[in-house]
Amino acid sequence: MNPTRRTVLLVAGTGAAAALLPASPATAEPKAAATLQPYASYWYPDSFPSGSPGAGITWRSLKAWRAADDTDLAFNAASVPLAARFTPTPANTTARSGQARIQSLVSFGPTASNPSQGSANADYYALTHWSYVDELVFWGGSSGEGLILAPNAPIVDAAHRHGVPVLGNIFLPPVAYGGQLQWTRDLVQKDAAGRYPLAAQLVAVAEAYGFDGWFVNAETSGGNAALPTDMLGFLTELKSLSAAKGQRVTWYDSMTVGGSVSWQGALNNQNRVFFQTADSMFVDFRWSSSTLASSGTTAQQLGRSRYELWAGVDVEASGWNRSVNWDAMVPSGSAHVVSVGFYRPEWTRNHLPAGRTPGDFHAADDRFWTGRSLDPAKPDATDTWRAPAVAVADRSTVASVPFASGFNTGHGLRWYEDGKITSTAPWNHLGLQDRLPSRRWVVRTTGARPAVTFDFADAWRGGSSVLVSGALDAPATLDLYATRLPLGADTVVELTHRVDSGNVTVELAVATAEPSGPGQPYAYTYFPVTAGTGWGTSTVRLTGLPAGGTVHALGVRLTGAGGAVEWRLGGIAVRDQAAQSPAVPGDLRITGASGGDLRFAWRAVTGDVRHYTLHRILPDGTRRFLGGTAQRAFFAGGLTPEGDESTARFELRAVGELYTASAPATVTHTW
């Protein structure tokens with residue numbers, strides 16, 4: 001991005017040594033040491049740097065890529081389709097719908113050696129505030145590793161579950177950071193028929209991997225006047241081919257029509273042809289109030305929405321402490337000017353000290369997305385950080401039954417099944433993340449507001465649950481989900497919950513209409529449920545509500561009996577018929593083995609399947625959770641014999657939307 005931020009971009013690679021490797025084309029792809037661990041894919045357009053790749057790096061040519069030859073494709077191909085979203089009545093009077101949107105550029109890991117399906121580490125940027133994001137860019141790339149990045153499947157699956165499209169990244173770095181103009185020329189090369197073969201390759205990769213398009217960031221200077229013409233032709237073909245596949249293209253404000261790399265901080269005559277060709281444009285950080293105002297006007301004069309411009313806000317170094325001219329983008333007293341593009345919001349994790357916990361991360365991430373009040377219905381007017389929840393209406397995808405959530409954030413310190421620990425290993429895998437509440441956390445009470453958090457000390461399923469703690473000196477109603485669920489004669493809601501301490505009365509809250517206006521509460525109907533000291537599931541039939549209507553919101557009301565209370569919510573489910581178990585996965589097999597590293601594969605199950613779980617059966621008959629995935633292949637590493645066993649037995653189950661599991665498919669491995 002702009003020259004004052006070169007070090008920011010370098011972090012997306014593996015460090016200065018990788019980013020500053022000598023630059024000249026290579027003629028063949030160097031081979032990395034064989035490994036069974038699959039990693040997220042990355043490429044150069046065609047040619048490579050001189051020399052050899054560093055440890056753990058594989059140089060690949062996008063031009064040479066073929067899906068049929070991609071041995072890791074089964075691990076990297078997302079499986080969750082992009083969900084449709086709706087916009088409920090905003091939780092406050094300042095959040096707008098139909099105006100500014102939020103783009104998020106996130107580096108989830110290094111370019112090379114970024115595991116395809118999570119890892120045995122809970123310290124991860126497990127983004128959960130999807131309801132405010134309209135486009136996620138899988139940021140990264142470096143001159144010493146690769147320039148074109150395909151997003152990890154778990155990230156795409158989690159984003160799609162919440163209705164958020166994910167773009168891969170094309171990073172053509174500045175010369176000062178190892179960029180070669182040849183790589184730009186490789187990208188925009190034409191074949192004998194005058195077509196752009198790498199445009200077709202990019203679309204084929206996105207289709208095979210299941211993500212939604214590309215962010216194009218061309219920052220290598222030195223081109224002649226012909227280069228922008230070639231880039232525009234490439235971008236035009238990429239956009240045309242992408243549109244035919246339902247994909248999108250975002251252009252970064254860098255290359256100009258004259259061929260120079262000159263960050264404008266605006267939409268103007270230097271970059272408008274690229275914006276007109278793409279779906280949207282990221283406006284460089286050097287914008288001002290006047291340039292954004294003129295940019296919005298220019299977009300409208302071109303027949304485009306001003307909200308297709310993302311004004312860059314660099315939060316990598318200081319997060320919510322950054323001074324931002326919010327009124328230039330999302331003024332509170334008038335129509336929004338343009339949309340917002342957050343660069344590196346994973347600061348909410350990265351700025352925390354060593355030894356940070358998942359709870360520490362979520363506390364910081366809630367502060368970033370919701371604001372200092374931690375309640376989107378009650379923004380703190382003195383907060384200088386204008387959090388997305390204050391400006392942008394949240395969205396939800398909870399619009400059909402069956403629906404269920406275990407409030408699993410996609411990482412944890414242990415793995416729980418039906419309230420029991422089946423693995424003591426920390427983990428992350430965003431593809432296992434549930435659909436999570438879109439506004440966190442709205443609590444309405446006349447008394448002291450209880451604290452509401454994702455908690456990792458215990459869970460019903462996955463790695464986390466919702467913990468409500470406080471004095472409860474007055475009844476407190478917690479909004480959980482904005483929904484559009486059909487209400488039938490047989491619709492029931494199940495809550496799995498428990499009381500950890502104190503005395504509390506629990507009621508399910510159900511709303512069948514939207515609030516009277518922004519910032520107003522839902523008119524809930526309350527149904528009593530039983531709360532005990534151990535995990536229990538309460539099944540509530542929605543008696544008295546109009547069949548044929550719609551459930552617009554789900555929540556809970558907690559009433560204390562004096563003293564402090566801790567109440568934990570482990571799961572919620574809405575159904576109109578008994579849960580059915582999925583079919584057994586077919587053809588489970590071990591496709592690769594090296595010591596204790598194993599690759600598993602199977603045939604995908606059709607129908608209602610949210611993910612698969614893999615367990616190892618120990619000699620005493622107990623099951624140990626090894627991992628889960630929405631893909632049809634899984635890698636398990638570092639396994640060793642238990643006791644004197646000569647073979648290890650594994651079980652794979654398909655898990656349905658209501659968490660019912662299939663009978664197991666089994667396979668054994670001889671040590």
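I started with W427, which is buried at a relative accessible area of 9% (buried means under 20%, exposed over 50%, partly exposed in between, with a 1.4 Å probe and protein chains only). Ground rules before going on: this is a predicted model, where local features need pLDDT of at least 70, side-chain atom pairs count only at pLDDT 80 or more, and totals for chains, interfaces and linings use all residues. Residues are numbered from 1 along each chain as its sequence is written, and side-chain values use heavy atoms, with hydrogens and water left out.

I placed W427 in strand β15, residues 427-428 (strands are DSSP runs of E, at least two residues, and helices are H or I runs of at least four, numbered from the N terminus).

Next, the cores (sets of buried Ala, Val, Leu, Ile, Met, Phe, Trp, Tyr and Cys joined through side-chain atoms within 4.5 Å). I found 99 residues in the largest nonpolar core, and W251, M329 and F342 have the most contacts inside it. Helix α6 (residues 197-209) gives this core its largest share, seven residues. A second, separate core has 39 residues, including F456 and L545.

Last, I looked at an open sheet of three strands, ordered β27-β28-β31 with antiparallel pairing (strands pair if DSSP finds at least two bridges between them). Its edge strands are β27 (586-594) and β31 (633-636). I noted four bridges between β28 (residues 597-603) and β31, and F600 opposite F634 in β31.
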